[in-house]
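Please look over the sequence and the structure below, and then read the briefing that follows, which is grouped by topic.

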Amino acid sequence: MAETAIDYGAVFKALPGMVALLTPELVYADVNEEFARVSGRSREQLIGQYLFDVFPDNPNDPAATGMRNLEASLYRVLATGERDTMALQRYDVQDPERPGQWQKRYWSPVNAPLLGSDGKVVLILHRVEEVTELIRARGGPPGNRGSRGRVLEAELYTRARELQELNERLRQAHSREREVALALQKAMLPAPRQVRNHPAAVRYRPAVGALNVCGDWYDLVDLVGGNRIGVAVGDVVGHGLEAAGVMGQLRSALSAASRVADGPAQALDVLGRYAHVIDGAESATAVTTFVDCDRHVITYSSAGHPPPVLVHRDGRTEFLDQATDTPLDARPDPIRRPQAETTFTPGATLVLYTDGLIERRREDIDKGLERLADALRDHRDQDPETLADTVLLELLPPGGATDDTALIIVRL
């Protein structure tokens, strides 16, 4: 049987529910036939018009909040790139045949983003189900339907408004916590700089979502004795202010331990013991590298963290995965963690990162490691600052990752 091309324009028009497409300016780009029928407006009265010019709030109802709630939901979709399901809304509609006459109506709206190739919202799909008749029909037997229906209608509407107000307060609280956590993390993480005359670039990208932020960290230190530097990254399980606080403690502890330890394994040993007494450090991971710039040797050790990448000047990528151990707090005994060495030639590039850069849902982690190796090899001649931006652009999803991401690149 030959395949038939699907006319998606015709499908959209024939959808059984009310569906409209809105531009980021909240102007109607298109509506289906059911939307026009139920709203009592023709396509010509809708397309090209600003949403709230066509459907303003009822001026006779000072308690009306339908327009404000819908506007907040739509702007939330534009800001986050995520779908927003609204609580039951009372949103009165003016009778198009009798100006000044308003009909009490109840709606259940869902707003979803349509993303462009750059990950930005290009249209909003606004789907609405009218539930006015359903609410009125919940009034029991005919003799009682009027009074019971009005009581139930009022209760449903009141509870829906309470739920929406509670959700809005929670969103605002989460937004404030996110801002504080980001500010705290920015204050605790070192600014990008050169280490021992080696150009370095650092990047931090918070996850999409309200609180998915502040578990990842990075560090660069000048080591005592010889022409040596330390480069490390880590990841704290959890998000928000608590994770930011734990992150700061672990980063500071490793930075101090690295300056006096005889190698990266001993530094992680000390950090692991410290992690045992820090609430919130459970299952935290870290990897640290000691780079001897005179001997051209990298010594490294990992506590459950994805392996660093060494990009040689000829394009060969080497994952530093020969000294991987359990997460920081997984082993209270004093057994020394493993460490390994590898050599490099001047001009090689050392890259450390957290799992937000490479992990994707329902995908083997090896795929993400391959993408990283390919990007680093293909763009190895770029300076660290440019390379860091290129790697993030090529590896992070267009709409942003669901986990925060730290990246550090040092040209050796």
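Leu 350 touches Val 231, Thr 289, Val 291, Ile 298, Pro 308, Val 309, Leu 320, Ile 408, Ile 409, Val 410 and Leu 412, leaving out residues up to four places away in sequence, where contact means heavy atoms within 4.5 Å. This is a predicted model, in which local features need pLDDT of at least 70 and side-chain atom pairs count only at pLDDT 80 or more, while totals for chains, interfaces and linings use all residues. Residues are numbered from 1 along each chain as its sequence is written, and side-chain values use heavy atoms, with hydrogens and water left out.

**Confidence and overall make-up**

- The chain averages a pLDDT of 82, and 79% of the residues score at least 70; pLDDT is the predictor's confidence in each residue, from 0 to 100.
- Confidence in the chain is lowest in helix 7 (residues 145-188), with a mean of 59, and highest in strand 14 (residues 309-311), at 96.
- Over residues 140-145 pLDDT stays under 50, and for these residues the model has eight contacts beyond four places in sequence.
- The chain has eleven helices and 19 strands, which are DSSP runs numbered from the N terminus (H or I of at least four residues for helices, E of at least two for strands).
- Of the 412 residues of the chain, 47% count as buried; buried means under 20% relative accessible area, exposed over 50%, and partly exposed in between, with a 1.4 Å probe and protein chains only.
- Among contacts in the chain with a separation of 6 or more, residues 24 or more positions apart account for 62%.

**The largest nonpolar core**

- The largest nonpolar core has 24 residues, and those with the most contacts inside it are Val 291, Ile 298, Leu 350, Ile 408, Val 410 and Leu 412; such a core is a set of buried Ala, Val, Leu, Ile, Met, Phe, Trp, Tyr and Cys residues joined through side-chain atoms within 4.5 Å.
- Elements that give two or more residues to this core include strand 12 (285-292), strand 13 (297-303), strand 18 (349-353) and strand 19 (405-411).

**Phe 344**

- Phe 344 lies in the loop between strand 17 (340-343) and strand 18, and it counts as buried because its relative accessibility is 6%.
- Apart from neighbours within four places in sequence, Phe 344 is in contact with Val 291, Asp 292, Cys 293, His 296, Val 297, Ile 298, Leu 310 and Leu 412.
- Although Phe 344 and Val 291 are 53 residues apart in sequence, their C-alpha atoms are 9.8 Å apart in space.

**Ser 255 and Val 221**

- Ser 255, in helix 8 (residues 240-260), is buried at 10% relative accessibility, and its contacts, setting aside neighbours within four places in sequence, are with Asp 219 and Val 221.
- Val 221 is found in strand 10 and is buried, with a relative accessible area of 3%.

**Helices 10 and 11**

- Helix 10 (residues 365-378) and helix 11 (residues 384-395) pack at an angle of about 140°, with their axes 10 Å apart; the axes are lines fitted to C-alpha atoms, for helices over the stretch in contact, and angles run from 0 to 180 degrees between N-to-C directions.
- In this pairing, Gly 368, Arg 371, Leu 372, Ala 375 and Leu 376 of helix 10 meet Leu 387, Val 391, Glu 394 and Leu 395 of helix 11.
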